[in-house]
Amino acid sequence: MSREYKLLFAGPMGAGKTTAIAAISDSAPISTEARNTDIAQHSKAQTTVGFDYGEVALEGGDRLRLYGMPGQSRFDFIWKVASAGALGVVMLADNSRPDPLADLSACIDAFTELAAAHAMVVGVGRGGEGRLGIDDYGEWLAARGHVAPVFSVDVRRRDDVLLLIDALLNQIETRELLAGTTESRA
Amino acid sequence: MTLDTPLIGAPGLHESALTELLELLPQAHSVVLAQTDGFEVASAMRRAVPAARLAALASSMLALGAAALRELGMGGHGNVLIEGTDGKLLLLEVPLASQPLVLAVVAGEDAITGSLLWAARQCVQRIINHQ
Ligand SMILES: Nc1nc2c(ncn2[C@@H]2O[C@H](COP(=O)(O)OP(=O)(O)O)[C@@H](O)[C@H]2O)c(=O)[nH]1
Ligand SMILES: [Mg+2]
């Protein structure tokens with residue numbers, strides 16, 4: 001029985017959502033990049049203003065439909081629209097930022113409902129470039145009531161992104177087994 | 001938007017182009033000019049709309065429209081028209097090389113689509129000529 005998983009990539013601007021989807025999508029993702037003028041926030045040239053969309057066919061016939069969110073809260077209407085029907089969220093953080101947890105805090109709340117009902121994993125990028133360790137993220141999340149495994153990743157590497165996806169799918173499956181909702185499988 | 005953000009053109013000139021659009025088309029009640037990354041540049045309105053919000057929405061929708069066109073092999077540039085039961089929203093590209101912009105025109109449901117398009121295109125041309 002094959003199944004489709006709609007998954008979101010969320011997190012602050014520049015954390016690597018667009019990069020992550022491009023790293024694993026079977027074909028070139030649909031992109032909505034616009035020229036970034038908010039250089040104070042992040043120096044990158046392009047920023048996502050709609051959403052990224054990529055697909056991955058898994059062994060066994062399951063398919064992933066991946067949506068990369070814009071990071072800035074002025075685009076929070078996209079977060080809401082895209083959350084409908086999603087089964088999990090990969091939250092990315094950028095450890096090289098001056099205050100990575102504050103950046104995370106600004107967008108994680110919008111996905112707590114999705115995370116609580118389904119699944120969330122956290123990927124911390126540039127782990128070696130900041131003063132926080134993976135444990136600091138874990139503690140911060142736990143203190144806010146989030147249940148999410150945290151991984152140190154470089155989303156430019158396909159295997160790292162697949163690791164996040166794997167953890168997310170495991171979480172989805174575990175929760176469904178616990179909730180006895182296996183009949184919802186297509 | 002921060003002080004580091006480049007200010008494109010003279011806002012006063014943009015505003016006069018927007019005001020002219022409202023004068024040209026009585027059924028249009030608000031118009032917002034935004035950068036393609038969603039920041040408001042200028043606005044003019046007879047009826048208040050959340051301009052900063054509309055600026056972000058307009059940039060998203062135009063980008064999604066362009067993505068759809070690219071996907072279909074129909075170029076990557078176009079406009080978006082949303083016809084609601086209580087009004088119309090038209091989004092036009094303003095293809096400035098220095099800083100591409102989006103023009104969002106909010107009009108009543110009684111606005112004739114052709115007139116709306118024509119007036120909005122005039123406005124885009126004025127903005128380009130001002131550069
Ligand atoms: N040096 C380094 N660069 C990274 C790492 N992860 C992501 N990047 C880069 O950071 C940028 C992230 O941009 P983007 O994917 O557009 O971020 P988004 O705003 O989250 O979509 C890209 O240029 C990536 O190549 C990392 O672990 N190390
Ligand atoms: Mg992006």
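Because the model is predicted, local features need pLDDT of at least 70 and side-chain atom pairs count only at pLDDT 80 or more, whereas totals for chains, interfaces and linings use all residues; side-chain values use heavy atoms, with hydrogens and water left out.

**Chain A as a whole**

Select chain A and colour it by secondary structure: there are 6 helices and 8 strands, where helices (H or I, at least four residues) and strands (E, at least two) are DSSP runs numbered from the N terminus. Read along the sequence, the pattern is β-α-β-β-β-β-α-β-α-α-β-α-β-α. Along the principal axes, the C-alpha atoms of chain A fill a box of roughly 50 × 35 × 30 Å. The radius of gyration of chain A is 16 Å, in agreement with the value near 16 Å for a compact globule of 186 residues; this radius is taken over C-alpha atoms, and the globule rule is 2.2 Å times the number of residues to the power 0.38. Of the 186 residues in chain A, 51% are buried, where buried means under 20% relative accessible area, exposed over 50%, and partly exposed in between (1.4 Å probe, protein chains only).

**The magnesium ion**

Next, centre the view on ligand 2, a magnesium ion coordinated at 2.1 Å by OG1 of Thr18(A) and OG1 of Thr48(A). Thr18(A) lies in helix H1 (residues 17-24) and Thr48(A) in strand E3 (residues 46-48) of chain A, so the pair ties together parts that are 30 residues apart in sequence. Donors here are N, O and S atoms within 2.8 Å of the metal (3.2 Å for Na, K and Ca), and the site may look incomplete because water is not among the atoms. Thr18(A) is partly exposed at a relative accessible area of 24%, whereas Thr48(A), at 4%, is buried.

**Ligand 1 and its shell**

Now select ligand 1 and the residues with a heavy atom within 4 Å of it. Of the 13 residues around ligand 1, those that come nearest are Gly14(A), Gly16(A), Lys17(A), Thr19(A) and Lys44(A). A polar backbone atom of Gly14(A) is 2.8 Å from an oxygen atom of the ligand, a polar side-chain atom of Thr19(A) lies 2.4 Å from a ligand oxygen, and an N or O atom in the side chain of Lys44(A) is 2.7 Å from an oxygen atom of ligand 1. Taken alone, ligand 1 exposes 590 Å², of which the protein buries 77%, with areas from the Shrake-Rupley method and a 1.4 Å probe.

**A loop residue**

Move to Arg126(A), in the loop between strand E7 (120-125) and helix H5 (134-143) of chain A. Arg126(A) has a positive phi of about 55° although it is not a glycine, and is partly exposed at 38% relative accessibility.

**Chain B**

Finally, select chain B, which has 3 helices and 5 strands, running α-β-β-α-β-β-β-α from the N terminus. The C-alpha trace of chain B spans about 40 × 40 × 25 Å along its principal axes, and 46% of its 131 residues are buried.

Terms used. Residues are numbered from 1 along each chain as its sequence is written. Chains are lettered from A and ligands numbered from 1 in the order in which they are written. A polar contact is a pair of N or O atoms within 3.5 Å; within protein, one must be able to donate a hydrogen and the other to accept it, and residues adjacent in sequence count only if both atoms are side-chain atoms.
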